[in-house]
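Trainee: I would like to learn how to read a complex like this one. Where do we begin?

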Amino acid sequence: MKCAGAAPLLGSRPGELDPTEEAALSAHLSSCEACRARQADHEALARVVENGLLGEAARRDFSAFADGVMARIPAATWRGAPAPGLLGRVLELLRRHRVLATASALAPALAALALYLYIGRTSGTGPLEFSVEVTSEDLAPMVLDTSDGPIILVGEASDGT
Amino acid sequence: MALLDLELVDRARGGDPEAFRDLVVRHQRRVYAVALGIVKDRDLAWDVSQDAFVRVHRHLSEFRDESSFSTWIHRITARVAIDVLRKERPSRRSDVADVPEPVLQEAAPGVLSTALGTDPQETVLRRELAARLTEALGQLPDVHRTVLVLREMDGLSYEELAERLSIPRGTVMSRLFHARKKMQAMLAGYAGIDAPGSGDRS
């Protein structure tokens with residue numbers, strides 16, 4: 001390996017190079033004073049970069065920084081904040097429980113699909129007309145035959161619907 | 001320090017604003033330093049840093065306690081800063097011109113480390129170079145500056161840099177090499193310790 005090939009590998013950390021690169025670089029460094037010096041330069045540069053940027057940050061006045069961050073965070077997210085209105089609570093509930101929101105949106109469509117499939121399965125020459133009752137407590141639809149006609153259950157309703 | 005971070009995170013998750021403010025104060029300068037290193041503009045770095053903390057708060061529930069909060073917040077900061085750079089790049093193309101040719105002359109190998117010495121104590125020269133650091137970083141193209149800052153400030157590995165920047169590992173190594181070479185030449189020039197003309201010795 002020559003200096004041109006070794007140069008991009010300098011500054012690597014243990015385990016970052018593959019074994020072939022590692023061995024070649026090690027062999028080159030053992031015989032090349034210039035590349036050992038370049039390696040030392042990399043380490044010096046790393047310290048200068050870190051010290052320089054932290055020094056720049058240290059010279060800046062940060063007294064207003066945290067206030068600026070806190071002002072950009074909605075006050076309602078903090079404990080003890082005034083309770084949001086009904087709309088705010090509903091939106092927050094939907095934001096936190098996206099699955100629930102999605103399920104709620106899908107429930108009527110699932111109910112309609114179940115009804116369509118049931119009618120299609122039970123009809124002979126054409127669609128039958130039933131008086132139906134629909135509930136949407138959860139996701140999985142189920143159709144019950146009753147003396148009053150089919151009832152579609154969406155989810156596991158324990159109180160009977 | 002890490003334990004206190006986790007305690008503050010836990011309280012902030014519970015809605016304690018003072019706990020989150022304490023987290024901000026504890027990490028604000030280093031977050032700002034990372035942002036400044038990447039976007040190079042002080043006011044923009046200020047905005048990026050604040051935005052990073054707002055995102056941290058928004059995603060606090062996703063933070064896993066077994067990882068370092070410091071690492072997590074720096075990752076978010078770098079992401080925000082890189083996004084800003086990508087959005088601004090078309091209008092800032094003229095700002096990222098290559099370093100002038102004379103500056104590109106490689107400093108003699110070892111000249112920087114020799115001048116700075118191995119003494120970890122802060123020397124006058126070290127302070128002088130640190131003060132010129134942002135000026136030198138500002139002359140690097142965005143892609144070189146970003147990879148160098150993420151490497152030296154965040155300590156990212158080649159693999160992490162490749163993933164973060166969506167570039168091949170070889171490109172990471174190449175960009176790091178060029179960034180270091182330019183920075184060493186500039187810093188050596190600032191310090192009056194440049195010895196141009198020294199090339200590879202083997």
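Trainee: What percentage of the 202 residues of chain B count as buried?

Mentor: First, a caution: this is a predicted model. In chain B, 41% of the 202 residues count as buried.

Trainee: How many helices and strands are there in chain B?

Mentor: Chain B has ten helices and zero strands. Read from the N terminus, its elements run α-α-α-α-α-α-α-α-α-α. Then look at the contacts with a separation of 6 or more: in chain B, 70% of them join residues 24 or more positions apart.

Trainee: How do I read a single helix? Which residues of helix 4 of chain B are buried?

Mentor: The general idea comes from the turn. An α-helix has 3.6 residues a turn, so residues three or four places apart point the same way. Now the case here. Helix 4 of chain B covers residues 69–88. The buried ones are Phe69(B), Ile73(B), His74(B), Ile76(B), Thr77(B), Ala78(B), Val80(B), Ala81(B) and Leu85(B). The 20 residues of helix 4 of chain B reach 29 Å from first C-alpha to last, close to the 28 Å expected at 1.5 Å a residue.

Trainee: And helix 8 of chain B: how many of its 13 residues are buried?

Mentor: Ten of the 13, so helix 8 of chain B is described as mostly covered. Its buried residues include His144(B), Val147(B), Leu150(B) and Met153(B). Charged residues are on that list too, among them Arg145(B), Arg151(B) and Glu152(B). From first C-alpha to last, helix 8 of chain B reaches 17 Å, close to the expected 18 Å. After helix 8 of chain B comes Gly155(B), with a positive phi near 70 degrees.

Trainee: Now the interface. How many residues does the contact take from each chain?

Mentor: It takes 46 residues from chain B and 42 residues from chain A. On the chain B side, the elements that give two or more residues are helices 2, 3, 6, 7, 8 and 10. Helix 2 of chain B gives the largest share, eleven residues. By class, the chain B side divides into 24 nonpolar, 13 polar and nine charged residues.

Trainee: How is a pair of packed helices described?

Mentor: By the angle between their axes and the distance between the axes. Take helix 3 of chain A and helix 10 of chain B. They pack at about 75 degrees, with axes 10 Å apart. The two helices are therefore roughly perpendicular to each other.

Trainee: Which residues meet there, in helix 3 of chain A and helix 10 of chain B?

Mentor: Asp41(A), His42(A), Leu45(A) and Val48(A) meet Arg180(B), Met183(B), Gln184(B) and Leu187(B).

Trainee: What ipTM and pTM does the predictor give the complex?

Mentor: An ipTM of 0.81 and a pTM of 0.68.

Technical notes
Residues numbered from 1 in each chain as written. Chains lettered and ligands numbered in written order. Predicted model: local features only at pLDDT ≥ 70, side-chain atom pairs only at ≥ 80, totals over all residues. Contact = placed C-beta atoms within 7 Å. Helix = DSSP H or I, 4+ residues; strand = E, 2+ residues; numbered from the N terminus. Buried ≥ 20, exposed ≤ 12 C-beta atoms within 10 Å, placed from the backbone. Expected span 1.5 Å × (residues − 1). Axes fitted to C-alpha atoms, helices over the stretch in contact; angles between N-to-C directions. Parallel < 35°, antiparallel > 145°, perpendicular 65-115°, else oblique.
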